[in-house]
Amino acid sequence: MGRFTEDMGRLRDEIESDRIARQTLIADTRQEVTEAAQAFISDLKNSVETLQADFREAHADMAEGARADRNAFLARLGSAVADIRISAANRQASVREALAQSAAEARTERAQSTAVLRDEVADLQDGFRRAHSVMAVEVRAAGQAFVSDIVGAVADIQRQTVALVNDYAGERSAGRQAWRGAPAAKPALAPTPVRAKAPVEPEPAKPAPKARHKAEAKAEAPVKAAEKPTEKPTEEVRPVTPTTGDESTPH
């Protein structure tokens with residue numbers, strides 16, 4: 001039992017010493033950690049203060065440099081804008097001069113083309129009047145010739161009809177006389193047909209009026225259409241029916 005007791009006493013002492021050593025280690029470690037933390041915090045605080053100071057200085061320098069750059073840029077921009085305004089004013093002046101010159105040239109060309117067009121219209125109107133007068137004369141002459149041809153044809157038909165009627169009347173009277181045994185009467189002579197009057201010759205065409213200004217041409221009355229030729233009534237040739245003593249038919 002003595003040896004076991006000694007071993008147990010020695011073990012208790014070792015455990016006690018280890019506990020004391022552990023507590024000492026923990027206290028030392030806590031002290032070291034606290035001191036390290038305080039040192040780190042102080043170093044961090046110093047570095048942050050240094051960074052803030054450096055940042056303030058850099059920010060002030062940057063603001064000063066940006067202000068100087070901005071002032072220089074505004075100065076350059078003002079001079080560029082002034083140059084642009086001057087060049088724009090010069091361009092506007094040149095454009096106005098070009099527009100005025102082109103307007104004057106266009107006005108001159110328009111006046112010339114208007115004058116040429118007015119002359120062409122006057123020539124066309126003059127030619128139209130001449131052609132219209134010639135056409136009116138030709139139409140009048142053709143109408144009169146057509147009417148005279150119709151009158152001649154009608155007169156020929158009337159003469160033929162009268163001759164046929166007279167022949168028929170003579171043959172009828174001769175047949176009646178032969179039927180009755182009396183001598184045949186002489187057939188009545190056909191009347192002389194009246195000749196149709198000669199067509200009136202058309203008047204010579206009047207000279208076409210001279211070409212005048214367009215405004216004067218508008219003021220004038222429009223050209224009258226060619227009047228149709230007035231036809232004179234021809235004397236109608238009436239057939240003469242021969243008179244006989246007896247108009248009764250033979251039984």
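This is a predicted model: local features need pLDDT of at least 70, side-chain atom pairs count only at pLDDT 80 or more; totals for chains, interfaces and linings use all residues.
Residues are numbered from 1 along each chain as its sequence is written, and side-chain values use heavy atoms, with hydrogens and water left out.

Let me begin with the chain as a whole. Its secondary structure comes to two helices and zero strands, where helices (H or I, at least four residues) and strands (E, at least two) are DSSP runs numbered from the N terminus. Of the 251 residues, 8% count as buried, and here buried means under 20% relative accessible area, exposed means over 50%, and partly exposed lies in between, with a 1.4 Å probe and protein chains only. The accessible surface of the chain is about 21100 Å², of which 60% belongs to carbon and sulfur atoms; such areas come from the Shrake-Rupley method with a 1.4 Å probe, and for residues only the protein chains shown count as cover.

Now to the charged side chains. Side chains of opposite charge can pair when their charged atoms come close. A salt bridge is counted when a side-chain nitrogen of Lys or Arg is within 4 Å of a carboxyl oxygen of Asp or Glu, and by this rule the count comes to five.

One of them joins E64 and R67, whose closest N and O atoms are 2.9 Å apart. These two residues are about one helical turn apart, because they are three residues apart in helix α1, which covers residues 2-180. R67 is partly exposed, at 39% relative accessibility.

Another salt bridge links R130 with D126, at 2.7 Å from N to O, and both residues lie in helix α1, four residues apart, about one turn of the helix. R130 is partly exposed at 41%, whereas D126 counts as buried at 14%.

A further salt bridge pairs R159 with D156, at 1.9 Å from N to O. R159 is partly exposed at 35%, and D156 is also partly exposed, at 33%.

Finally, what do F4, M8, L11 and I15 form on the surface? They make up a nonpolar patch with about 390 Å² of accessible area together. Patches are made of residues with over 30% relative accessible area and no salt bridge, like charges being joined within 9 Å and nonpolar side chains (Val, Leu, Ile, Met, Phe, Trp, Tyr) within 5 Å. L11 lies in helix α1 and is partly exposed, with a relative accessible area of 41%.
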